[in-house]
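Take a look first, then try each one before reading its solution.

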Amino acid sequence: MREYNRLTRGATQLGFVDVLTAVILLGILLYAATVQFSVYNRPPAIPISTGAAASR
């Protein structure tokens, strides 16, 4: 039983794999957010005036 307690870790102790997993997941989420909301990085389109649209 002593070896079992030594191999377990508490909920607040993070290992290297835990941190690596969190970094990879954060990178995936940030990439998905930039792809999904890339329309906000473009300048706004020039609106067509209503006079020009009516003459067509």
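**Exercise 1.** Which residues make a nonpolar surface patch of about 630 Å²?

Start with the ground rules: this is a predicted model, where local features need pLDDT of at least 70, side-chain atom pairs count only at pLDDT 80 or more, and totals for chains, interfaces and linings use all residues. Residues are numbered from 1 along each chain as its sequence is written, and side-chain values use heavy atoms, with hydrogens and water left out.

Now the patch: Phe16, Val17, Leu20, Ile24, Leu25 and Ile28 make it.

**Exercise 2.** Is valine 17 buried or exposed?

First, find its place: valine 17 sits in helix α2, residues 16-36. Helices here are DSSP runs of H or I with at least four residues, and strands are runs of E with at least two, numbered from the N terminus. Next, valine 17 counts as exposed because its relative accessibility is 57% (exposed is over 50%, buried under 20%, partly exposed in between, with a 1.4 Å probe and protein chains only).

Definitions and conventions. Patches are made of residues with over 30% relative accessible area and no salt bridge: like charges are joined within 9 Å, nonpolar side chains (Val, Leu, Ile, Met, Phe, Trp, Tyr) within 5 Å. Accessible areas come from the Shrake-Rupley method with a 1.4 Å probe; for residues, only the protein chains shown count as cover. A salt bridge is a side-chain nitrogen of Lys or Arg within 4 Å of a carboxyl oxygen of Asp or Glu.
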